Amino acid sequence: MSGEKPLVGVVMGSASDRDVMLPCVQTLQDLEIPCEVKILSAHRTPQRAQEYAMGAAGRGLRVLIAGAGWAAHLAGALAANSLLPVIGVPIDSSPLKGLDALLATVQMPPGVPVATMAIGGGGAKNAALFAVQILALQDSETSRRFMEYRREMTAAAERNEDRWGL
Ligand code: RP5
């Protein structure tokens, strides 16, 4: 996978978001989706964030994922500067435990949507899976891997039930 052109850009507002966003990158890697990871901030590095979004489609990226905490404008700022679908992950890094980031990410004005996931690591993982679902629409191999992922998830849940001897 390394060396392949990235299809998904995973962006986070700070290096401190790494642990929350790790399940996102791991899930993309498990499903063999080439991705790149960037640290960009709507507030601290606004110009770099804008340039990244404006150049993303031209470099072959198909989906952007943005994780940020506090007044999380990163996903919205990327969406404002790109025609690519943007998936937002609210991060629970503030005293409000991500509720602030959730509202800032999800409450986009009409015309510029951000597909907003759950707060924290679960949302980060779902962001990867949602990106895979988008890519699977036009790639049968990705679609096959996603179906296999779902089958395995169901089988694991059933194995867990069996352990109770019900
Ligand atoms: C947000 O501020 C980042 O996404 C991060 O969640 C939060 C805190 O960043 P640091 O002060 O830890 O760099 O923009």
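Reader: Is D19 buried or exposed?
Author: This is a predicted model, and the accessibility here is computed from it. A residue counts as exposed when its relative accessible area is over 50%. D19 has a relative accessibility of 59%, so D19 is exposed.

Reader: Which residue forms a salt bridge with D19?
Author: The cut-off for such a pair is a side-chain nitrogen within 4 Å of a carboxyl oxygen. The closest N and O atoms lie 3.6 Å apart.

Reader: How many salt bridges does the structure hold?
Author: Another pair, R144 and E141, is joined through the side chains at 2.8 Å, N to O. For the structure, the number of salt bridges is 7.

Reader: Which residues surround the ligand?
Author: The space that the ligand takes is the largest pocket. By class, the shell has 2 nonpolar, 5 polar and 2 charged residues. The ligand is surrounded by G13, S14, S16, D17, R44, A68, G69, W70 and S93.

Reader: What distance separates a polar side-chain atom of D17 from an oxygen atom of the ligand?
Author: A polar contact requires N or O atoms within 3.5 Å. R44 has a side-chain N or O atom 2.8 Å from a ligand oxygen atom. For the polar side-chain atom of D17, the distance to an oxygen atom of the ligand is 2.6 Å.

Reader: What share of the exposed area of the ligand does the protein bury?
Author: The backbone also takes part, with an N or O atom of G69 lying 3.0 Å from a ligand oxygen atom. Taken alone, the ligand exposes 360 Å². The share of that area buried by the protein is 73%.

Methods: Residues numbered from 1 in each chain as written. Predicted model: local features only at pLDDT ≥ 70, side-chain atom pairs only at ≥ 80, totals over all residues. Heavy atoms only, no water. Near = heavy atom within 4 Å. Polar contact = N/O pair within 3.5 Å; in protein donor to acceptor, adjacent residues only side chain to side chain. Areas by Shrake-Rupley, 256 points an atom, 1.4 Å probe, with all protein chains shown as cover. 1 Å grid on protein atoms, 1.4 Å probe; cavity = no way out; pocket = protein on both sides within 12 Å on 5 of 7 lines; lining within 4 Å. Sits in = over half its atoms within 2 Å of the grid points. Nonpolar A, V, L, I, M, F, W, Y, C, P; charged D, E, K, R; others polar. Buried < 20%, exposed > 50% of the residue type's maximum accessible area, 1.4 Å probe, protein only.
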